[in-house]
Amino acid sequence: MENRTGLFSNGVIWFGVAISVSEIEAGIQLASSAPIDSIWLPLVLGHIIGGILLFFTGLVGARLRVNAMETIKSTFGDYGSKFFSSLNVMQLIAWVAVLNAQGAAAMMGLNLPISFTLTCIILSVIIAIWVYVGLYRLSKVTTVMMVVLTVLLAILSFKLLGGNISNVVPIASFASTNNPSLSFWNIFEISIAMPISWLPVISDYTKDVEKPVHGTMISAVAYTLASLWMYVLGMQIVGIGTTSIAQSILMAGLGAQGVIILVLSTVTSNFVAANSAGESSKAIVNRINPRIAGVVVSILSCILAISGIMDHYIGFLYLIASVFAPMAAVLLVSFFISKEDTGNTKIWYWNMFAWFAGFIVYQLTVGLDSIPLGPTLLAIIVSAALAYIGVLVKNRPQSNLIEN
């Protein structure tokens, strides 16, 4: 009998994915670059749209019962699937490295008696062991970890807030005077970037849910709510006059608890990414053992983290969006509207073109200041529209045949 995960398990997994140093850092970036009153609407809107995309993308895997990169075979063909799988493995290696480096750097601010390099290695070892043992065998441990982490983060958030939301108002005065304030669509782009980065991953977990719609829904909602919380936590940190997560933890009087927060928040997100890299490796070469591949990814990402990948963090997030946002748009049109046969070569040629057009639109618009809708939504709209044109063209002969 196949292992199936319940609603609570999926909620725990995706709540843990969002609780990371990267999400908090994104909130810090927003709060230190824009007045508080201008942040809320684009922040919430970006997360809602990102959460909706997460839901529908995860629902494809939940219904087909295949991992994320296998869901796109009928849309982009076997070669297209391998192409995106390869890109996904590469971005997940870098993503795990970024999360690892951010977690280690934050821990260094707590004045621990260990080096940045050793901290990166320790975090990677924990992740590698977790990936090798497997999610299902450690499901109870994962639940306990998430309960502890949630309680500690709630304590930190309450201490920073002081029980009064008005305490976050000083964020506006902390904004940089050297750089122009972020516009609505700039903020929206930073907000949607995080959920978009998990689009090529979510089906690796929703494929095993007992109830496809409800399990995927709880996954997307858990991630969206936790991610919003982390952004707000980052905003709170700026509100007390610092941009350092470690400094805020010390100011809140959480010493040892702060270490637990940083370790668990880094490990929970990194496990999901490293495990999914193993799943994507299997989509490239079927003989690969996903667990072994996940361990290798943990090792490679550790090396990258130590080498200083964090310097390219924001640009890296945008690069992910430029590849996987239009890919997801074409997938959703293909699955929910077209439902074409896998063997239709012309269709997946056209779908690759639709993806590439969205990718180019993103690259052309990402450097423009405050472009309406933002590059991510523009890329999604262009790719989805082109994919839909392909559906209309494909269905036209069938319609004529029925009429005759």
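Which helix is Ile 129 found in? Ile 129 sits in helix 5, and the close-ups below, all taken from a predicted model, start there.

View 1. Leu 118, Ile 121, Ile 122, Val 125, Ile 126, Ile 129 and Ile 306 together make a nonpolar surface patch of about 530 Å². Helix 5, which runs over residues 116-133, supplies the largest share of the patch, with six residues.

**View 2. The salt bridge.** Here we zoom in on Lys 207 and Asp 208, which form a salt bridge with their closest N and O atoms 3.2 Å apart. The salt bridge count comes to one. Lys 207 counts as buried because its relative accessibility is 15%, under the 20% cut-off. Asp 208, at 13% relative accessibility, counts as buried too.

**View 3. Trp 355 in the nonpolar core.** The largest nonpolar core has 115 residues. Trp 355 is listed among those with the most contacts inside this core, along with Trp 14, Phe 84, Leu 156 and Trp 198. Setting aside neighbours within four places in sequence, Trp 355 is in contact with Phe 76, Phe 83, Phe 84, Val 323, Pro 326, Met 327, Val 330 and Ser 383.

**View 4. Thr 216 and its surroundings.** Thr 216 belongs to helix 10, residues 212-239, and is buried, with a relative accessible area of 0%. What does Thr 216 touch, not counting residues up to four places away in sequence? Its partners are Phe 55, Gly 58, Leu 59, Ala 62, Thr 206 and Lys 211. Thr 57 is 159 residues from Thr 216 in sequence, yet their C-alpha atoms are 9.1 Å apart in space.

Notes: Residues are numbered from 1 along each chain as its sequence is written. This is a predicted model: local features need pLDDT of at least 70, side-chain atom pairs count only at pLDDT 80 or more; totals for chains, interfaces and linings use all residues. Side-chain values use heavy atoms; hydrogens and water are left out. Patches are made of residues with over 30% relative accessible area and no salt bridge: like charges are joined within 9 Å, nonpolar side chains (Val, Leu, Ile, Met, Phe, Trp, Tyr) within 5 Å. Accessible areas come from the Shrake-Rupley method with a 1.4 Å probe; for residues, only the protein chains shown count as cover. A salt bridge is a side-chain nitrogen of Lys or Arg within 4 Å of a carboxyl oxygen of Asp or Glu. Helices (H or I, at least four residues) and strands (E, at least two) are DSSP runs, numbered from the N terminus. Buried means under 20% relative accessible area, exposed over 50%, partly exposed in between (1.4 Å probe, protein chains only). A nonpolar core is a set of buried Ala, Val, Leu, Ile, Met, Phe, Trp, Tyr and Cys residues joined through side-chain atoms within 4.5 Å. Contact means heavy atoms within 4.5 Å.
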